[in-house]
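Here are some notes for a first look. Please read them with the model open.

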Amino acid sequence: MLETYRYGMMSGIVAGIVAAVMGLLLFTTFHSFNSTIFATILSAIGTLIATLFLGLLVVIIVIVLIAIFGGNPAEAIRKFFEELLAPISAVIMLGYLQGLGYSLSVSSFNPIFTIFMAISGILIAVGFFLKFRQERRSSYLLRGFFAIMGITVAGILIYLGLSPVANYALGALSLALLFTAYPNYLYLNIAAVLLLLAFMGLGIMQLRDRQESAKPTLCTGVGIMEVLSGILFLGGTVSYIMFIPGFASMLITLVLWIPYTWSENGAAPSLPKKASRKGPQEGVQKWE
């Protein structure tokens with residue numbers, strides 16, 4: 001059972017490390033696309049296009065008047081689009097491709113992130129449950145519960161919170177200028193609270209066990225990082241930007257957790273010594 005616990009726990013930790021990296025990429029991409037500078041640029045582009053839309057409306061009225069009083073409206077429309085809308089189409093296409101790249105990044109990172117978060121939470125929980133069966137300590141049962149509820153469920157909620165992808169609508173134009181994810185902040189806030197409870201609970205129980213640990217200093221360090229990770233994740237309820245340092249702290253925590261878990265259960269089982277095949281040395285009594 002010790003071997004199952006050790007390698008199961010290690011697999012869960014490695015999956016958590018991958019999930020932390022994916023979480024960093026996910027929220028960094030989301031932040032870079034929804035930053036204040038980008039929003040200002042988008043607002044300026046939207047204002048420009050809205051102004052041009054009003055200008056287009058005026059031109060259409062003029063064309064109608066030309067048609068009423070004589071002239072060729074089709075030729076007037078053709079010249080209008082060639083001379084006025086050609087430069088704008090390049091801006092629209094640039095924004096479209098930029099937004100499409102963002103959309104593809106989120107749709108790539110988010111499912112992978114969720115899968116590894118779920119695997120990590122489940123494997124870590126199974127490891128603690130096996131430890132509970134062996135030592136019958138309720139703290140291991142609680143840790144397994146925190147791992148499933150905090151890591152697995154939070155990962156699924158983050159996926160649900162960031163998965164919707166929609167188009168920007170610029171006033172009356174409703175133009176598919178850029179893609180963005182409209183986050184569900186309720187899901188993100190619940191995920192932040194669950195991650196707080198998970199890492200806070202794991203950290204407190206880790207610090208309580210430091211005196212019984214084979215590596216008390218390392219055990220204390222892991223516990224402190226777990227508590228810090230939980231506090232940073234709680235900041236996600238104020239701003240999604242706090243998920244970035246939260247996952248960075250989670251990454252450091254799980255990296256430290258690898259040598260701690262390995263040392264707590266022994267790096268390898270001790271091998272029995274082989275019996276000596278040498279005969280009795282000179283001056284030593286013969287074997288009976």
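1. Angles under 35 degrees count as roughly parallel, over 145 as roughly antiparallel, 65 to 115 as roughly perpendicular and the rest as oblique. Helices here are DSSP runs (H or I, at least four residues), numbered from the N terminus. This is a predicted model: local features need pLDDT of at least 70, side-chain atom pairs pLDDT 80 or more, while totals for chains, interfaces and linings use all residues. Residues are numbered from 1 along each chain, and side-chain values use heavy atoms, without hydrogens or water.

2. Take α5 (residues 185-208) and α6 (residues 216-234). They pack at about 160°, with axes 7 Å apart. α5 and α6 are therefore roughly antiparallel.

3. Contact means heavy atoms within 4.5 Å. Among the α5 residues that meet α6 are L195, F199 and L202; the α6 side includes V222, V227 and F233. The residues of this contact divide into 15 nonpolar, six polar and one charged. Gly counts as polar here.

4. Where is G16 found? G16 lies in helix α1 (residues 2-33). G16 is buried (under 20% relative accessible area), at 0%. Beyond its neighbours within four places in sequence, G16 is in contact with S120, M250 and L254. The C-alpha atoms of G16 and V255 are 9.4 Å apart, though 239 residues separate them along the chain.

5. Leaving aside neighbours within four places in sequence, the contacts of I158 include L26, F113, L188, F243 and F247.

Conventions:
Axes are lines fitted to C-alpha atoms, for helices over the stretch in contact, and angles run from 0 to 180 degrees between N-to-C directions. Helices (H or I, at least four residues) and strands (E, at least two) are DSSP runs, numbered from the N terminus. Buried means under 20% relative accessible area, exposed over 50%, partly exposed in between (1.4 Å probe, protein chains only).
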